[in-house]
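Here are my notes on the fold, point by point. Have the model open as you read.

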Amino acid sequence: MPKMNIDVSILERFEAGLDPQHPEKSKVPANIIGYGEMSTIFEIKEPSLFGMAFKRLPIFQSTQELDKYEALYFEYNKLLQEKIGLAILEYTCIRIIPETGNMVAFDVQKKLLPESIGNKVIHVLKEKDVQTLILGVLRQLKKISVFNKTDPHIKLGIDGQISNWAVKDFNPKNPCIDENTEFYYIDTSTPLIQKDGKEQLDAELFLRSAPSFMVWLVRWLFLEDVMTRYYDPHLVTVDLIANFYKEQLPH
């Protein structure tokens, strides 16, 4: 299990005193730096936690759910790094069990320069460099496809949208990339693994972040598609393309 120098007692105090509406006013102050499918991503204002990003998942209702998620999270990260060859950041997962309410997992990563994240990078590159970036990301996604064809018993899913990639050693003062540029894949907190055709991640966890009156609708219309599309290379590429429309770069 990867080790990062995390003082768990600070996370316990952060969780106990969190003001979700105004996290900067919490007992342990924090800033929101992003959002995931099931998580909010914080930068916690404590000197010992400087340079780290904390993805907070307050969705677990039993230690069994938490155990299964943690094991899957570490397995997914290890496979991405060691079997597929994607570059990922230093990581770990820490559990917090409050006196009341859901149990919480904090997925911890090294915090990157915000300007290095893909959806920021594409706005400052020349068009030819954006094309180079797209091809570079597609080469990384191909590694997943190749892996999924080699072992009939296990497949990995991936959310390939541009905001889930970061440019390694990116220099905002000289924004350019080339064919040798390396990329980090950063959305490793949704561990999508199928074994013998069965999804290992509990799909119901996704529903706990949805408004209660919409749960039945999300389950009926979207859940199966969400859980399967990330294994389809065509649909993953469609999502990547769609990002450029979202980012006002349809050309």
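1. A word on angles before anything else: axes are lines fitted to C-alpha atoms, for helices over the stretch in contact, and angles run from 0 to 180 degrees between N-to-C directions. Helices (H or I, at least four residues) and strands (E, at least two) are DSSP runs, numbered from the N terminus.

2. Keep in mind that this is a predicted model, where local features need pLDDT of at least 70, side-chain atom pairs count only at pLDDT 80 or more, and totals for chains, interfaces and linings use all residues. Residues are numbered from 1 along each chain as its sequence is written, and side-chain values use heavy atoms, with hydrogens and water left out.

3. Start with α2 and α4, whose axes come within 11 Å and cross at roughly 90 degrees. The two helices are therefore roughly perpendicular to each other (65 to 115 degrees; under 35 would be roughly parallel, over 145 roughly antiparallel, the rest oblique). From α2, L80, K83 and I84 make the contact (heavy atoms within 4.5 Å) with K143, I144 and F147 of α4. By type, that contact has four nonpolar residues, two charged and no polar (nonpolar: Ala, Val, Leu, Ile, Met, Phe, Trp, Tyr, Cys and Pro; charged: Asp, Glu, Lys and Arg; polar: the others, Gly among them).

4. Now look at α4 (residues 127-150) against α8 (residues 233-246): their axes come within 11 Å and cross at roughly 155 degrees. That makes α4 roughly antiparallel to α8. The crossing is right-handed (the near helix is turned clockwise from the far one by less than a right angle). On the α4 side you'll find V130, I134, V137, L138, L141 and S145, which meet P233, V236, T237, L240 and F244 in α8. The tally for this contact is nine nonpolar, two polar and no charged residues.

5. Then the sheet. It is open, with five strands in the order β1-β2-β3-β5-β4 and antiparallel pairing (two strands pair if DSSP finds at least two bridges between them). At the edges sit β1 (30-35) and β4 (91-96), each pairing on one side only. On average, neighbouring strands are turned by 30 degrees against each other, direction ignored.

6. For a closer look at one pair, take β2 (residues 40-44) and β3 (residues 52-60), which run antiparallel and are joined by three bridges. I41 has K55 in β3 as its bridge partner.

7. Finally, helices on the sheet. Helix α1 (residues 8-16) packs on it, touching β1, β2, β3, β4 and β5 (103-110), and its direction makes about 55 degrees with that of β4. Helix α2 (residues 63-84) lies across β3, β4 and β5, running at about 175 degrees to β4.
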